[in-house]
Amino acid sequence: MIPKVFNQVIELGDGRTITLETGKLAKQADGSVVVRMGDTMLLATVVSARTANPGIDFLPLTVDYREKFAAAGRYPGGFMKREARPSNDEILTMRLVDRVLRPLFPKDYHAETQVMIQLMSHDEEVMPDALAGLAASAAIQLSDIPFETPISEVRVARINGELVINPSYAQLAEADIDMMIGASADSVAMVEGEMDEVSEEEMADAIKFAHEAIKIQCEAQVKLAEAVGKKETREYEGEREDEELAKKIHDFSYQKCYDIAKQGTSKQERGKAFSEVKEALVETFTEEEIEEYGDLIGKYFGKAHKTAVRDLTLNEGLRLDGRKTTDIRPIWCEVDYLPRTHGSSIFTRGETQALATVTLGTSRDANMIDSPTVQGEERFYLHYNFPPFSTGEARPLRGTSRREIGHGNLAQRALKGMIPEDFPYTVRVVSEVLESNGSSSMATVCSGTMALMDAGVSMKKPVSGIAMGLISDGDKFAVLSDILGDEDHLGDMDFKVTGTADGITACQMDIKIKGLSYEILVQALKQARDGRLHILEKLTDTIAQPNADVKPHAPKMITRRIPNDLIGAFIGPGGKHIQELQKDTETTIVINEDPVTEEGVVEILGTNQEGIDAVIAKIESMMFKPEKGSVYEVKVIKMLDFGAVVEYTEAPGNEVLLHVSELAWERTNNVSDVVKLGDILDVKYFGIDPRTRKEKVSRKAILPKPEGYVERPPRDNKNRGGRDNNRGRDNRGRDNRRDDRKPRQEKKEE
C-alpha cells in the first residue's frame, strides 16, 4: 500500500515549476523530501542524534551531496564501476548548502546531525546544484530538529541583459553573471559566483532578484510542513549558563582585552598577550571552581574578548593591527622567483603570503571532468594548498580538504575569464599558502595573476582580490577592508571580491547577521573596489603586462590545422610517423579534431625551436598543393630508367615524377645524361595529365626550343598498339582450324 503523499508546487513564473514531495521515500529519517524540476529529482534526508556526545561544544554537522551515475543512465568510470569519493563539483555543492544551514541551528545544539542529498534522476536541462539547498531545508522543516527558519538557494544568471532563475546548462554558457544565492525569507546569507566584469550595482541587483525567488520557495516549505503536520521541536539539553560568572569574567577581561587590541601588534604578539590575560583570569579561581566551571570560563572569556575587539572598531574605528577600517596591509610582490617553473610569483600582504606557480602543457594535460551531470575538460585550472605551517600549527595531513577545494575554485573562477579563448596551452596554476592571517584565497588570486603574466600567458587584464568584513551592533556598523583572520572569526561578514580595473569577476560572501541592508552591501562592494584597485596597482608595479614570450626553458606551443583526410597519413600506421617525428624533433605532438570544421588541430609543444620548425615544415609539406602553370624549384631524389623522381624544395617529402620525355627538347636516351642525383632545377606544373591521370611536371617547358626543332607527329590513337591487316585477328590462320574439332562435351560423351 502506497502511503499518503503530500506535494507542494513552486511556480517560477515562466512556465517552469518545482515540486516538493514527501511521504513516499525514506520515512525512517527525521525528515525527507523529493524535489523535482523537469526530470531532475533530488532526495534529501536529515537525521540528528537525540543526545549530544559529552564534551562537544560545537555542532557536528555533516552535509553530503552525491550524484548517482544511474541518474543520467551512465556507468561510473574506473575499474570498480561504483561511485567512490565525491568529485570537486559535489564537494562545492556541499559547501554551498553547509554555509547557509550551519548558522541557523541553535548555538547550543551539539547533537550529531547529518544532511544527505542525492541526485536520483538527471535532466540535462536542469542543473541540480541549484536545488540542493531547497531540498536540504525542506527536509529539515519536515523534522523536529531545532532550526531557526526555512532557507533556499537559487542560481541567478544574466543572459542578454535579462536575469533568469535556475537557468539550463545551455543558457548558462551565454551568461555574464552566474551566482548562487542562499537566503531566508528575511536575509541573504550566502553569495558565490563569477561574472564578466560587472559593476557593483549590477551584482546587487542580481542578488535582490534571486532573493525574491527564494522568498517564494521558503513559503512553499512552510505550507508543505503545515499540510503534513508541523512537528513539535524536540527538546535538547543546551549549554550551561551562569550570568553571575559571565559578568565576573567580563569585568575582569574586557578592558584588558580592549587595551591589547588597541596596541596594534602582530598576530603572535597579541595572541600571547590575550593568553596571558586568560591565564591571569584562571588564577582568580580555585581548583574546585576551575573543575566545575572550566568550560564556562573559556566560553565567557571568548565572549569578553570578542566584545572588546568589536567595540574598539565601532567606537574608535581602529583594528587589531592598528589600521583604520579602509586601510590595506603593506604589500610586497616578486615574480620569477623559482628558476625552473614556467612562471612564478610571491604575493605577501601583511601576514598572509602565497607562492604561485604556472605550468604550461598540451590538451593532453587538460583536467578531465566525468560526472553524471557534466562531461568535458578544463584547459585552465587552479589548485590551492593550505599546509598547517602557514598558521604555525602542527597537524596531520589528510589529503585535500573541502576548504582547499572551495578556495581554489573561487580563485580559479576569478582568473579564468581573463585567459584568452584562443590561448593554445593548457594552464595549471598552483598556489602554496606559506603564511595565513586573513584571506589567503585573495592572495592566491593576486599571486596567480602575476605568475600567469610571468609565464607569458596573454591575460586580457590583471585581476586582484580583497576580503571585506563587517562589524555591526544594530545601530552602528563598520565595513572593514582586507580583514584579518581574527576579524573574520569575530566579525559579521566575510565578503571576498575579485576583479579587474573594469569590474567584478568573482565573489564569495557569508553573512552571519540577519537583515543586512542592501545599502550596507553596496557600500561594502564599493569599498572593496577601492581596496581592489589599490592592490592591483601593487601588482602592476611589479609586472606591468604579460611577458611577450614564454621562458626559454618553457615549452613553446604552435598549432596548425590540417584537412581531416590528412590526419591518418600524418599519424601513420600504428602511429609510426608521428612517433618518429616526435623522437627526431624532440617535440610533443597532439592531434585533436575540431568538432565544427572536422579539421585536425595539431598542437606542437617543445623547447627546441628547430624541432618545432621541422614539424611545421612537415605539415606544410603535406598540405602543399602546386598551382597549375606555376614554376617550382625541385630536387632530384631518385633516378629511374624512365625519368627522375623530384621533390619540391619548399615542401620536402612532396614528390612527383619528371618523365624522361619532359627533361629536354632533344631526345633523351639516358636520364643521367641530363640530371644527376641531388641536382636542383626548375619545373613547370601542368596539373593532372588526362592520359596518365598522374601529376605532370616538365623541365623542357621552361627551356627555349632549339632552333629548327620539329615536333614529333602525334600518335594515331586508332592504330595505337595495333597491328596491320596481315597480322590482324582475322588472319591468324584460324581458317585452317580443324573442322572436325568437336565441342568438349561431345568428346566426353564419346
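This structure holds 9 aromatic pairs. Keep in mind that we're looking at a predicted model. Two of the pairs are laid out here.

| Pair | Centre distance | Plane angle | Geometry |
|---|---|---|---|
| Phe 423 and Tyr 425 | 5.4 Å | 40° | tilted |
| Phe 624 and Tyr 632 | 5.6 Å | 85° | edge-to-face |

Why do these two get their labels? Planes over 60 degrees apart count as edge-to-face and those under 30 as stacked, with the rest called tilted. With planes at 40°, Phe 423 and Tyr 425 are therefore a tilted pair, while the 85° between the rings of Phe 624 and Tyr 632 makes that pair edge-to-face. Elsewhere, Phe 105, Tyr 109, Phe 147 and Tyr 236 come together as one aromatic cluster.

Now for the helices. Helix H1 covers residues 88-101 and helix H8 residues 402-416; their axes come within 10 Å and cross at roughly 95°. Angles of 65 to 115 degrees count as roughly perpendicular, and that is therefore how H1 and H8 sit relative to each other. On the H1 side, the contact is made by Asn 88, Ile 91, Leu 92, Met 94 and Arg 95. H8 brings Arg 402, Arg 403, Ile 405, Gly 406, His 407 and Asn 409 to the contact.

How much of H1 is buried? The count is 12 of its 14 residues, so the helix is largely enclosed by the rest of the structure. Among the buried residues are Ile 91, Leu 92, Met 94 and Arg 95, which also take part in the contact with H8. The charged residues Glu 90, Asp 98 and Arg 99 are buried in H1 as well.

Glu 197, part of strand S10 (residues 188-198), has a phi near 55°, a positive value in a residue other than glycine. Glu 586 isn't a glycine either, yet its phi is positive at about 55°. Where is Glu 586 found? It lies in the loop between helix H13 (576-585) and strand S23 (588-593). Its relative accessibility is 60%, so Glu 586 counts as exposed.

Terms used: Residues numbered from 1 in each chain as written. Predicted model: local features only at pLDDT ≥ 70, side-chain atom pairs only at ≥ 80, totals over all residues. Heavy atoms only, no water. Axes fitted to C-alpha atoms, helices over the stretch in contact; angles between N-to-C directions. Helix = DSSP H or I, 4+ residues; strand = E, 2+ residues; numbered from the N terminus. Parallel < 35°, antiparallel > 145°, perpendicular 65-115°, else oblique. Contact = heavy atoms within 4.5 Å. Buried < 20%, exposed > 50% of the residue type's maximum accessible area, 1.4 Å probe, protein only. Phe/Tyr/Trp six-rings, centres within 6.5 Å; stacked < 30°, edge-to-face > 60°.
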